[in-house]
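This report covers charged pairs, a helix, a nonpolar core and a surface patch, in that order.

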Amino acid sequence: MLSAANQSSALRNRAQSGFTLIEVMISAVVLAIGVLGVVSVLAMSKVYQHESIQRVRAVELADGIFERIRRNPTGVAGYDTGLGSPLGNGSAGDEPEPNCRGVSCDAGQLASYDLWDWERLLDGAASTVTEEGEAVPTVALRNVRACIDFTADAGRVNTGIVDVVIQWQGVRETSDAVDASGVVCGDAGDEDATWRQLIVSSYVVDETEL
């Protein structure tokens, strides 16, 4: 039979052991919450990074078509799709003939080829991976559509303002960038808070008109 002193010591040891177990459980819960917080921050960071990459990609695409138009100012009318006939999602069709690669083309033919080639860049057709036997683009903007709108200066034909409108869907909801009250490339459709939009304007000069 244990003495009173030994019983008191055993009780203290049992109490201390129980308290230590509670501390471990609390520490585990705090650690789990901390890990979930870090994972959440990383996930949000990746989403914001993806959104930034998409916008940079859209700016690069707009700059690319502007450079093509500036090299072919006499064919600027051929680049003018208007706001009702967007490019993107395979809308350019088959490669035009002639393809203007090492072949002499007039201004209109070069414009047709440039639009076809630029539409493939919009769709990311040059960079794909194969999934279940189907080529899937890796750098394309999601549900992208683009319009080119040219407004000639008074008394000029090939000199004026070119607006490039690029619209795509992001991965998170913010606000609908494509609605009937603004500039719409194609059909705005139902309200969708994931729509993003980039509008870039530039002045194009045909030196033969100066």
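R70 is partly exposed because its relative accessibility is 39%; buried means under 20% relative accessible area, exposed over 50%, and partly exposed in between, with a 1.4 Å probe and protein chains only. The model is predicted: local features need pLDDT of at least 70, side-chain atom pairs count only at pLDDT 80 or more, and totals for chains, interfaces and linings use all residues. Residues are numbered from 1 along each chain as its sequence is written, and side-chain values use heavy atoms, leaving out hydrogens and water.

R70 forms a salt bridge with E67. The term means a side-chain nitrogen of Lys or Arg within 4 Å of a carboxyl oxygen of Asp or Glu. Both residues sit in helix α1, 3 residues apart, about one turn of the helix. E67 is partly exposed too, at 41% relative accessibility. Helices (H or I, at least four residues) and strands (E, at least two) are DSSP runs, numbered from the N terminus.

The count of salt bridges is 6. Among them are these:

| Pair | N to O distance |
|---|---|
| R70 and E67 | 2.9 Å |
| D117 and R68 | 2.9 Å |
| E51 and R196 | 2.9 Å |

D117 in helix α3 and R68 in helix α1 are 49 residues apart, so the pair links distant parts of the chain; R68 is buried, with a relative accessible area of 13%. E51 and R196 are both buried. A network of salt bridges links E51, R172 and R196.

Next, helix α3. D106 caps the N-terminal end: a side-chain oxygen lies 3.2 Å from the backbone nitrogen of G108. G124 follows the helix, with a positive phi near 70°. Buried residues of α3 include W116, W118 and L122.

W118 also belongs to the largest nonpolar core, which has 24 residues. Such a core joins buried Ala, Val, Leu, Ile, Met, Phe, Trp, Tyr and Cys residues through side-chain atoms within 4.5 Å. I65, I69, W118, I148, V162, V164 and I166 touch the most other members. The largest share, 6 residues, comes from α1.

What lies on the surface? I161, Y203, V205 and L210 form a nonpolar patch there, with about 370 Å² of accessible area together. Y203 is in strand β6, and counts as partly exposed at 42% relative accessibility.

How values were computed: Patches are made of residues with over 30% relative accessible area and no salt bridge: like charges are joined within 9 Å, nonpolar side chains (Val, Leu, Ile, Met, Phe, Trp, Tyr) within 5 Å. Accessible areas come from the Shrake-Rupley method with a 1.4 Å probe; for residues, only the protein chains shown count as cover. A polar contact is a pair of N or O atoms within 3.5 Å; within protein, one must be able to donate a hydrogen and the other to accept it, and residues adjacent in sequence count only if both atoms are side-chain atoms.
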